[in-house]
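Dear colleague,

Here is the structure I promised to pass on to you. Please open it alongside this message, and you will find my notes on it just below.

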Amino acid sequence: MAAPLELRCWGGGWGLPSVHSESLVVMAYAKFSGAPLKVNVIDNTWRGSRGDVPVLTTEDSIVSQPAKILNFLRKQKYNADYELSAKQGADTLAYIALLEEKLLPAVLHTFWVDSDNYFTVTKPWFASRMPFPLSLILPGRMSKGALNRILLTRGEPPLYHLRDVEAQIYRDAKECLNLLSNRLGTSQFFFGDTPSTLDAYVFGFLAPLYKVRFPKVQLQEHLKQLSNLCRFCDDILNSYFRLSLGDG
C-alpha cells in the first residue's frame, strides 16, 4: 500500500477550497490526477514559524513548492499530463513561466501590498488562522516577502521602487489575462476536454482574484470581463471541489 500523502495548506473562503494560489495549484492538480491527498488546513492551533506552504509530506519525504510537489506526484504515477503531446508539454512550461512573471506579481500585490486590501481582507483572514503571537508577526512578514518577490521579477539594477512598477505590474497582468482568454477560447480546458498541469496553475492564480471580495478590485474587474476565464474557474470549482467547499 502506498504511503499516505498529506498536504498542509491554507484553507478556504469565498467559495474556494483555499484562498492561497500556490495551495490551490496543488489541490487542483491532485484532483485532476487522482492523487489521494489528505488535506490538513492550517488553523489557529498551527505551530509553524513561517507561511511557507503548501507542503506535501509522506512517510519518508517532505516536499514544498508547487512545481516540486507536482513533480513528486508524477513520480508516484499521478500524472495529469499523460495525454499531452511534446509540443503541449513545452507550451505548458512556457505558459507557467508567463503566469509567474506577468500575473503572479499582480496577484501578490492585490493580496499583500495594496494597503486597502491587505488591512481589510488579507491580514485579518490570515491572522485568524494563526495562533498568538504569530498572528501579530507573520502577516507582516508575508507581506514583505510578497513585495520582495514582486521586485525580484523586475530584477535588473537599479532596484526599482514599487511605485515605479505598480502600473506596469497591472498592465502586464491584464495582457496576460487577455492572452489566457484568447488561448482558452471556447474550450473547457487549455488542451481540450481533460484538465492538465496548466489548468491547475491557471485556476490557482485566477480563482482567488475572481472570488475573494476586495475593496480594491481593478484586476478583478478586468478578469470578470473575460467570461470564459470566469466560466473556467466556476466549472473546476463545481466539478472537482463542490463537496469540500466552505466559506470563510
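Helices and strands are taken here as DSSP runs, a helix needing at least four residues and a strand at least two, and both are numbered from the N terminus. Counted in that way, the protein has nine helices and four strands, and along the sequence they follow the pattern β-α-β-β-β-α-α-α-α-α-α-α-α. Please keep in mind throughout that this is a predicted model.

As to overall form, a compact globule of 248 residues would have a radius of gyration near 18 Å, and the 18 Å computed for the protein agrees with that. The C-alpha trace spans about 45 × 45 × 35 Å along its principal axes, and 51% of the 248 residues count as buried. Among contacts between residues at least 6 apart in sequence, 75% join residues at least 24 apart.

The structure holds eleven aromatic pairs. In one of them, the ring centres of F32 and Y240 are 5.0 Å apart and the planes stand at 70°, which is over the 60 degrees required, so the pair counts as edge-to-face. Because F32 lies in helix 1 (residues 21–33) and Y240 in helix 9 (residues 227–240), this pair ties together parts that are 208 residues apart in sequence. F32 is buried, with a relative accessible area of 13%, whereas Y240, at 24%, counts as partly exposed.

F189 and F232 form another edge-to-face pair, with 6.4 Å from centre to centre and 80° between the planes. Here too distant parts of the chain are linked, since F189 sits in the loop between helix 6 (162–184) and helix 7 (197–211) while F232 is in helix 9, 43 residues apart. Both F189 and F232 are buried. Leaving aside residues up to four places away in sequence, F232 touches L184, Q188, F189, F190, D199, V202 and F203.

Beyond four places in sequence, Q188 touches D193, R231 and F232. The C-alpha atoms of Q188 and L198, which are ten residues apart along the chain, are separated by 13 Å.

These residues fall in a stretch that carries an annotation: an unreviewed UniProt entry places the feature "domain: Metaxin glutathione S-transferase" at residues 173–236. In the model, the chain over residues 173–236 is 69% helix and 0% strand, with its end C-alpha atoms 22 Å apart.

Lastly, which residues of helix 2 are buried? In helix 2 (residues 66–75) they are P66, I69, L70, F72 and L73, and because they cover an arc of only 155° around the axis, they lie on the same side of the helix. What covers these buried residues includes strand 1 (5–9), helix 1, strand 3 (55–57), strand 4 (62–64) and helix 7. Just after helix 2, K77 takes a positive phi of about 75°.

Notes
Residues are numbered from 1 along each chain as its sequence is written. This is a predicted model: local features need pLDDT of at least 70, side-chain atom pairs count only at pLDDT 80 or more; totals for chains, interfaces and linings use all residues. Side-chain values use heavy atoms; hydrogens and water are left out. Rings of Phe, Tyr and Trp (its six-membered ring) pair if their centres lie within 6.5 Å; planes under 30 degrees apart count as stacked, over 60 as edge-to-face and the rest as tilted. Buried means under 20% relative accessible area, exposed over 50%, partly exposed in between (1.4 Å probe, protein chains only). Contact means heavy atoms within 4.5 Å. The arc is that of the directions from the helix axis to the C-beta atoms. UniProt positions are given in the numbering used here, feature names are shortened, and annotations may be inferred rather than shown by experiment. The radius of gyration is taken over C-alpha atoms; the globule rule is 2.2 Å times the number of residues to the power 0.38.
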